[in-house]
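Dear colleague,

I am passing on to you the structure shown below.

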Amino acid sequence: MTKMLEQKIDRRDAVDYDIHGLVGVRLIAPSPNNVTAVSAQIGPPSSRVLQRPDIVVRYVERLSVGPLRHVDLGKTASSNAGFIVFPEGDGEGKVGIPFDQIGSDCEIFCERRVGWIPLLISIINLTALKKHRCVPIHASAFVHEGAGVLVTGWVKSGKSEALLAFSQHGATYVGGEWVLLSSNGNTMYGLPGTFRMWDWHRRELSHPQHIGGNTGIFRLIRLLDAVQRAMPETLLRFGPLKLLHEGMPSLRRQLNFRVEPKAIFGDRCRRLTGHPDKIFIGMVHSDERVLIEPAEPATVADQLACAMEFELTSLMSHYRAFKFAFPGMQNEFLERVHDVLRDALRQALAAKEIYMLYHPYPVSFHDLYQAMQKVLVSMPAVAAYDHVEMQA
């Protein structure tokens with residue numbers, strides 16, 4: 001443990017987060033805004049004081065770093081105080097992240113003007129992987145009529161869509177974006193915090209309610225999109241219509257918002273744990289139907305290892321910048337993390353019941369629910385991986 005971690009802490013200045021007893025996070029001297037931002041990332045603070053947090057975030061007004069030597073301009077820099085990461089987008093401030101400590105006791109220094117802490121969820125996930133061999137999976141998870149369900153895959157794989165579809169049929173929430181799967185595959189732990197919804201998701205809900213997002217702005221963006229789609233292509237090459245046409249992809253990306261699980265599930269989101277009875281690997285296909293077929297666990301483990309490599313792209317990019325800034329320094333765990341992930345996935349998924357879930361995009365919540373529900377209630381565990389189709 002570093003000297004900083006050994007320093008005496010005034011408990012009145014500390015806010016603790018307990019991630020299922022697997023990973024503990026402590027904020028030291030945060031502002032109320034800092035607590036709100038971190039709680040949106042990883043859920044509400046713990047009611048009990050942690051004896052020994054794994055990750056400490058120490059807030060200061062300004063990081064005294066001296067001259068900065070930029071590695072990736074606007075993203076990372078080195079200084080006499082260590083390695084500096086700048087928040088993405090319009091974020092302000094500086095964050096000191098010791099990449100050589102990730103996976104072990106790790107102390108992060110953060111300016112109070114920083115909102116969401118960059119890479120915090122990845123650092124939590126990797127800490128759980130190293131300390132408990134819990135496998136982080138970008139997934140949604142829920143329990144429906146006694147069956148624990150985990151839905152994962154690449155981008156647009158149906159994770160949120162399945163979660164929201166089953167929310168309308170009494171499912172209990174486990175996780176919306178990140179799930180930790182125990183090494184034996186018997187327990188899934190949802191990472192607390194908000195999850196992302198798109199505007200069309202809300203309109204698919206059978207009982208839409210005000211759950212977040214700026215509906216006025218969303219209507220305006222949809223109207224502008226409809227206008228530019230209705231225009232002849234020749235007109236979209238000139239003047240304001242050209243600017244609108246070129247700017248629409250960026251505007252469409254704004255049609256999303258983050259939502260508290262309670263806003264969708266009410267009191268059906270308390271425990272955030274479950275037994276993963278069935279696992280679905282979502283993938284968009286060109287057919288208009290929702291099709292489901294059994295999958296082989298070893299193949300899926302390798303697929304998800306590739307997916308996790310993709311999810312770690314940002315952290316590993318920053319880690320390479322760290323090694324460039326400080327030649328000779330490295331993190332042995334991060335050097336072999338992809339092999340660790342693949343081995344842990346193979347172990348956790350070895351005896352699981354797994355299905356490929358093919359669907360159009362956007363997908364009807366009703367069709368998705370009907371197809372998946374047939375599997376949950378009628379399809380037995382699969383010994384031979386023969387092709388099976390379930391049509392909504």
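How many disulfides does the count come to? The model is a predicted one, and the count comes to zero disulfides. C269 counts as buried, because its relative accessibility of 15% falls under the cut-off of 20%. C306, by contrast, has a relative accessible area of 39% and is partly exposed.

I turn next to the confidence of the prediction. The protein has a mean pLDDT of 89, and 91% of its residues reach 70 or more. There are stretches that call for caution. Over residues 1–10 pLDDT stays under 50, and the model has 16 contacts beyond four places in sequence for them. Residues 381–392 also stay under 50 in pLDDT, with 30 contacts beyond four places in sequence. Where pLDDT is low, the predicted coordinates should not be read in detail.

The largest pocket holds about 1700 Å³ of space. It is lined by 41 residues, of which E88, W116, E177, R196 and R258 are the closest to its centre. Several elements each supply at least two residues of this lining: the helices α3 (120–132), α4 (159–167), α9 (297–311) and α10 (313–325), together with the strands β14 (195–198) and β15 (256–259). By class, the lining of the largest pocket comprises 16 nonpolar, 14 polar and 11 charged residues.

The second largest pocket has a volume of about 470 Å³. Its lining is made up of 26 residues, and those closest to its centre are G43, P44, P192, C269 and L272. The buried cysteine C269 is therefore one of the residues closest to the centre of this pocket. At least two lining residues come from each of β1 (14–19), α2 (32–42), β11 (172–175) and α8 (261–265). The lining of the second largest pocket divides into 13 nonpolar, seven polar and six charged residues.

Finally, a word on one serine. S160 is found in helix α4, an element that supplies at least two residues of the lining of the largest pocket. Is S160 buried or exposed? S160 counts as buried, because its relative accessibility is 15% and the cut-off is 20%. Leaving aside residues up to four places away in sequence, S160 touches R196 and H201. Of these contacts, R196 is also among the residues closest to the centre of the largest pocket.

With kind regards

Key. Residues numbered from 1 in each chain as written. Predicted model: local features only at pLDDT ≥ 70, side-chain atom pairs only at ≥ 80, totals over all residues. Heavy atoms only, no water. Disulfide = S-S within 2.5 Å. Buried < 20%, exposed > 50% of the residue type's maximum accessible area, 1.4 Å probe, protein only. 1 Å grid on protein atoms, 1.4 Å probe; cavity = no way out; pocket = protein on both sides within 12 Å on 5 of 7 lines; lining within 4 Å. Points joined across faces, edges and corners; volume = space filled by probe spheres on them. Helix = DSSP H or I, 4+ residues; strand = E, 2+ residues; numbered from the N terminus. Nonpolar A, V, L, I, M, F, W, Y, C, P; charged D, E, K, R; others polar. pLDDT = per-residue confidence, 0-100. Contact = heavy atoms within 4.5 Å.
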